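Reader: Here is a structure that I would like to go through with you, taking a residue and then some helix packing.

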Amino acid sequence: MGIQKKTGLILTGGGARAAYQVGVLQAISEILWEAGWPPARNPFEIVCGTSAGAINATALACRADNFGEGVQKLLDVWQHIEVEQVYRADSLGVIRSGARWLSLLSFGWLLRQWRAAPPTSLLDNTPLVSLLHRMLDLPRLDAALSDGLLHALAVTASSYSGGQHMTFYQTAADIVPWIRTQRVSLQDQIGVEHLLASAAIPFIFPAVPLYVGGRREYCGDGSMRQLAPISPAIHLGASKVLVVGAGRLTEPARDAAEAARYPSLAQIAGHAMSSIFLDSLAVDIERLNRVNLTLSMLPEELLGRTPLKPVELLVIAPSERLDDIASRHIGSLPRPIRTMLSGIGAAEARGAALASYLLFESSYTCELIRLGQRDTQARKDDVLAFFGS
């Protein structure tokens, strides 16, 4: 008997953009059901996530015993989400976090009274803790792993203290941790604190302390310094990987007239976010495709001597600019948040990239879910071929 091939799922980062992933998963569930798969059957033995994708990945892994139920749970959350479930959007909350933080950036040399307890981030994401507890069923995750319904779950974070990118993975199998340049892995019991750290968008949300090897390290968004987003799934044993992006992997250039305007702070921040969340994934996909091509040209005797193995890859990413979609929904943000973002140019079309990560409002997330469903249905033949149906 041959070794059973394991299918991995990679859910990338992107804040509110992660709603797109839920649309993709719902469409995959529907396509497989129409092809004769039982609705409860889990098509992914290995689930990996980063940032908001780590939250979706863990919620899905918790229900590995019933894939359809897991997808429905994610749909229920993202179709009815409000900003207040993720971060404080009231006037007092915004003043205590965002306004003080922006003031510190501008006048920190004058504001000596904040030296003892300076503001740590633009937004206060304390409400996210309650949302995570409602979304997750971690004892059910333990049971799925021990029963063999799931092979492994992995989430990633980036250490501000140590400077390394870290992959935390939970499995019942015997998988030796791997170490690469600027990347380490640690077998651990995945908890809410790992997800808060993985989803701590730099500057936007506060860093989260995690204990690594007996020492405390402050960690932020797992998309930072993530040189190889697909790597964890392969290390955990996946021979085929479905990657769901949270933005178009290649963007056509804007017209010269628009590019000639001096960028706003929000436009610069949005550009930085795209670099963090999208660029490394695009590079890793290119790298994996080159490796697959090289392996396909090797004769059998040489193929058996290399530790490299071909990895079947399916990538589903938005067919539309999520910045443009976000610009149509900025008005749905609570007034205090809208006012603060307007001050740095995020309410303008050219600064909407930043808003696209923070728009945890159902009008926006439902449009992303519908886009994910359409994009996946348009790739129905690829999906069926990937799952061998």
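Author: This is a predicted model, in which local features need pLDDT of at least 70, side-chain atom pairs count only at pLDDT 80 or more, and totals for chains, interfaces and linings use all residues. Residues are numbered from 1 along each chain as its sequence is written, and side-chain values use heavy atoms, with hydrogens and water left out.

Reader: Does Gln21 count as buried or exposed?

Author: Buried means under 20% relative accessible area, exposed over 50% and partly exposed in between, with a 1.4 Å probe and protein chains only. Gln21 has 0% relative accessibility, and therefore counts as buried.

Reader: Where is Gln21 found?

Author: Helices (H or I, at least four residues) and strands (E, at least two) are DSSP runs, numbered from the N terminus. In those terms, Gln21 is found in helix H1.

Reader: Which residues in H3 meet H15?

Author: Contact means heavy atoms within 4.5 Å. On the H15 side the residues are Ser362, Thr365, Cys366 and Ile369, and those they meet in H3 are Leu75, Trp78 and Gln79.

Reader: How are H3 and H15 oriented to each other?

Author: Axes are lines fitted to C-alpha atoms, for helices over the stretch in contact, and angles run from 0 to 180 degrees between N-to-C directions. The axes of H3 and H15 are 8 Å apart, and the two helices pack at an angle of about 140°. Angles under 35 degrees count as roughly parallel, over 145 as roughly antiparallel, 65 to 115 as roughly perpendicular and the rest as oblique. H3 and H15 are therefore oblique.
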